[in-house]
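Here is a short briefing to read with the model open beside you. Take your time and look up each part as it comes along.

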Amino acid sequence: MKTSDAIIVGAGPAGLFSAIELAEAGIEVTLIEKGPDLKRRKCPALDYRKICLRCPVCPLISGFGGAGAFSDGKITLSHEIGGNLRRYIEPDSFIRLMNHVDQRLLEFGAPRKLYGTDDEAIKRIKYEAQKNGLLFVPTPIRHLGTDGGFKVLEKMRNYVEKLGIDIHFNERVEDIVAEGGEVKGVRTNRDEYRAKFVIVAPGRAGATWMAGQARKLKLETYPNPVDIGVRVELPASIMDHLTKVVYEPKLVYYSQKFDDKIRTFCVNPNGVVVQEFAEDVITVNGFSNTFPTSENTNFALLVSTSFTEPFKDPISFGKSIVRLANLISGGVLLQRLGDLIRGRRSTDKRISKNPVKPTLESAIPGDISFVLPYRYLVNLIEMLETLDKIAPGVASPYTLLYGVEVKFYSNRIKVNKSLETDIKGLFTIGDGAGITRGLLHSAISGLVAASEIKRRMGIRNEN
Ligand SMILES: Cc1cc2nc3c(=O)[nH]c(=O)nc-3n(C[C@H](O)[C@H](O)[C@H](O)COP(=O)(O)OP(=O)(O)OC[C@H]3O[C@@H](n4cnc5c(N)ncnc54)[C@H](O)[C@@H]3O)c2cc1C
């Protein structure tokens with residue numbers, strides 16, 4: 001049995017930012033990560049064109065850096081986008097912590113360039129969007145790129161070493177141990193660890209495990225919405241007038257037919273589409289480097305659904321839809337928008353003649369209408385046709401749709417303003433606790449928990 005001041009579960013942005021904050025204050029930290037160290041994070045289907053091998057621990061989302069390591073590295077500098085933190089933190093504190101995280105990223109080598117600061121160009125996009133019933137949400141974005149993000153993480157890795165944080169890789173936390181309403185430590189597949197404070201930051205790779213622990217510890221949870229849709233791929237030139245200004249045009253639309261919220265998400269100019277193994281299903285995602293990786297731009301179009309009583313399991317609902325796509329294609333389905341509208345499947349032959357070439361070569365041509373419910377199809381087609389008005393060509397018959405993209409947000413665990421649960425000393429943060437959905441917000445959640453631990457240990461907070 002090992003003892004330290006604080007245990008952190010998960011070395012994603014949430015876990016790393018809290019570990020660094022605590023260690024810099026002289027607090028003894030044990031960091032436990034079920035995935036490998038940064039250098040050893042290699043996907044066997046490395047060029048993303050081969051079929052996902054369903055590894056027991058996915059190296060793309062687990063290991064030093066968490067899901068952030070192969071993310072697109074877009075730091076969206078906004079209070080509104082990236083999670084639920086505004087429920088817990090006042091806007092002023094958020095901005096202070098946001099600037100702190102951004103400054104740290106710059107110190108670790110993030111690029112200085114900020115997108116989304118040209119007010120005149122933003123005004124023009126806003127006008128075009130509003131005219132067509134779209135809500136445009138401009139936000140400053142620092143784009144690290146998948147390549148640049150990895151370099152930032154290499155510097156963080158060296159710093160974590162220098163701070164003397166005790167990191168355990170390839171070790172899985174199986175149980176959080178609590179007695180008499182107080183946390184005592186954790187039990188892993190190898191050992192037992194004791195500490196007065198435990199910060200749990202398991203990300204999406206640990207969402208199901210976290211839900212099980214919440215049930216076991218009788219922590220109250222609230223369901224989050226589930227976002228279901230497709231990844232769209234088209235020639236980069238069609239979106240250039242938007243992506244050159246804001247990098248990621250965040251556009252929201254409420255459909256005429258269902259009044260559902262549909263939004264663009266994770267826009268990757270000149271990027272590539274990738275597959276992702278999320279616990280037990282293969283979904284689709286995208287990334288872009290700091291240099292052009294293809295002639296295409298890809299982005300997710302997601303329909304947000306918040307289920308009402310008595311249904312409380314949006315994650316299983318989303319997974320059932322992805323499983324259908326996996327069942328009929330073995331992984332990710334691919335269809336041209338023109339084929340979907342004409343009510344026919346895409347075939348290898350049709351895709352080979354398509355002027356837009358798919359960047360995810362392992363996707364199987366087929367028919368997304370066998371997978372997505374009517375409501376989602378109608379919403380997505382309506383949104384594509386509306387987007388076409390501000391970016392002509394988006395709804396071209398040659399536009400590629402990959403299915404299914406799903407964003408599962410873990411059920412939100414009941415925490416107080418310091419992100420501490422009803423169990424004293426137990427903090428749940430980041431994406432796995434249903435509190436955040438992005439790099440910046442997850443990192444900030446780490447700082448919030450660490451600040452409270454510092455305060456309780458009598459250490460003055462600089463942030
Ligand atoms: C392809 C892709 C692109 C993305 N692009 C962006 C982007 O451009 N901008 C943006 O803001 N966000 C992006 N994201 C989302 C972003 O990566 C996440 O929001 C962020 O990483 C969440 O941080 P986290 O620390 O909460 O969790 P994670 O980064 O998921 O880290 C959690 C860690 O905990 C470990 N873990 C889980 N359970 C256990 C356990 N029981 N024991 C030990 N360890 C455990 C996991 O292995 C993992 O390493 C992207 C995600 C993906 C997958």
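Domain bounds here come from an automatic or database domain assignment. On that basis, the protein chain is divided into domain 1 (2-114 + 140-222 + 410-456) and domain 2 (226-408). This is a predicted model, in which local features need pLDDT of at least 70 and side-chain atom pairs count only at pLDDT 80 or more, while totals for chains, interfaces and linings use all residues. Residues are numbered from 1 along each chain as its sequence is written.

**How the two domains meet**

- The C-alpha centres of domain 1 and domain 2 are 28 Å apart.
- Their contact takes 22 residues from domain 1 and 24 residues from domain 2; two residues are in contact if their C-beta atoms, placed from the backbone, lie within 7 Å.
- On the side of domain 1 that touches domain 2, strand 6 (141-143), helix 4 (145-162) and helix 5 (207-216) are the elements that give two or more residues. Helices (H or I, at least four residues) and strands (E, at least two) are DSSP runs, numbered from the N terminus.
- Helix 4 provides the largest share of that side, 4 residues.
- By type, that side of domain 1 has 9 nonpolar, 6 polar and 7 charged residues. Ala, Val, Leu, Ile, Met, Phe, Trp, Tyr, Cys and Pro count as nonpolar, Asp, Glu, Lys and Arg as charged, and the others, Gly among them, as polar.

**Around the ligand**

- Where does the ligand lie? Both domain 1 and domain 2 give residues to the shell around the ligand, so it lies between them.
- Of the 46 residues around the ligand, Gly-12, Gly-66, Gly-203, Gly-206 and Gly-430 come nearest; a residue is near a molecule or strand if its C-beta atom, placed from the backbone, lies within 6 Å of it.
- Helix 1 (13-24), strand 4 (74-76), strand 17 (281-287) and helix 11 (439-456) are the elements that give two or more residues to this shell.
- The shell divides into 17 nonpolar, 20 polar and 9 charged residues.

**A look at Pro-140**

- You will find Pro-140 in the loop between strand 5 (135-136) and strand 6.
- Pro-140 is partly exposed, with 15 other C-beta atoms within 10 Å. A residue is buried if 20 or more other C-beta atoms lie within 10 Å of its own, exposed if 12 or fewer, and partly exposed in between, with C-beta atoms placed from the backbone.
- Not counting residues up to four places away in sequence, Pro-140 touches Leu-77, Leu-114, Tyr-115, Gly-116 and Thr-117.

- Strand 1 and strand 10 (residues 192-194) run parallel and are joined by 2 bridges, and Thr-3 has Arg-194 as its bridge partner in strand 10.
- Another open sheet has 8 strands in the order 5-14-15-18-13-21-19-20, again with mixed pairing.
- In that sheet, 4 bridges join strand 19 (residues 333-336) to strand 21 (residues 400-408), and these run antiparallel. Leu-333 stands opposite Gly-403 in strand 21.

Terms used:
Pairing = 2+ DSSP bridges.
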